[in-house]
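I opened the model to look up its aromatic rings, its core and its helices. My notes follow.

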Amino acid sequence: ERAEDWSIIKRLLDLAAQDSSGRGFVFDGIASVIDSIDYTLPGTEECIGIDSNELQLSQCGVEVIASLLLRYRDGSYEGDLSFRVPAMSYITKVYSYSQHFG
């Protein structure tokens, strides 16, 4: 996994979110990734047999996801603030993942 790969992913997701019809699709995808990581974190009984290390984000991944969520929070996509509240919740979760990086 390289920072360059994450940069491409960020550009593609940002481009898709600029269109109103793609905005929800991108947000739901980001939310799904975060929810999957939450589901597999140690301490949840449902994740027995799942290796939580396989579903963790790298530092680059955290930065990309957080930056996209900040754009949703700030209404950067055509002033659309409909994702503001859920974005703030996911931003908190994503930043909690970054505590694992030194």
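I checked Tyr72 and Phe83, and both are buried (under 20% relative accessible area; exposed is over 50%, partly exposed in between, with a 1.4 Å probe and protein chains only). I noted that this is a predicted model, where local features need pLDDT of at least 70, side-chain atom pairs count only at pLDDT 80 or more, and totals for chains, interfaces and linings use all residues. Residues are numbered from 1 along each chain as its sequence is written, and side-chain values use heavy atoms, with hydrogens and water left out.

I then counted five aromatic pairs in the structure. Rings of Phe, Tyr and Trp (its six-membered ring) pair if their centres lie within 6.5 Å; planes under 30 degrees apart are stacked, over 60 edge-to-face, the rest tilted. Phe27 and Tyr72 have ring centres 5.1 Å apart and planes at 70°, so I logged the pair as edge-to-face. Phe27 sits in helix α2 and Tyr72 in helix α3, 45 residues apart. Helices here are DSSP runs (H or I, at least four residues), numbered from the N terminus. Both Phe27 and Tyr72 are buried. For Tyr72 and Phe83, the centres are 5.1 Å apart and the planes at 70°, so this pair is edge-to-face. Phe83 lies in the loop between α3 and α4 and Tyr72 in α3, so the pair ties together parts 11 residues apart in sequence. I found one aromatic cluster formed by Phe27, Tyr72, Tyr77, Phe83 and Tyr90.

**Core.** Which residues have the most contacts inside the largest nonpolar core? They are Phe27, Ile30, Ile34, Leu69 and Tyr72, in a core of 23 residues. Such a core is a set of buried Ala, Val, Leu, Ile, Met, Phe, Trp, Tyr and Cys residues joined through side-chain atoms within 4.5 Å. I saw that α3 gives the most to this core, with seven residues. Leaving aside neighbours within four places in sequence, I listed the contacts (heavy atoms within 4.5 Å) of Leu69, including Phe27, Ala87 and Val94.

**Helix α1.** I read off Trp6, Asp14 and Ala17 as its buried residues. Down the axis of α1 they fall within an arc of 70° (directions from the axis to the C-beta atoms), so they line one face. On the other side, Glu4, Arg11, Leu12 and Leu15 are exposed.

**Confidence.** I looked up pLDDT, the predictor's confidence in each residue, from 0 to 100. The chain averages 85, and 80% of the residues score at least 70. Over residues 44-48, pLDDT stays under 50.

Methods. Helices (H or I, at least four residues) and strands (E, at least two) are DSSP runs, numbered from the N terminus.
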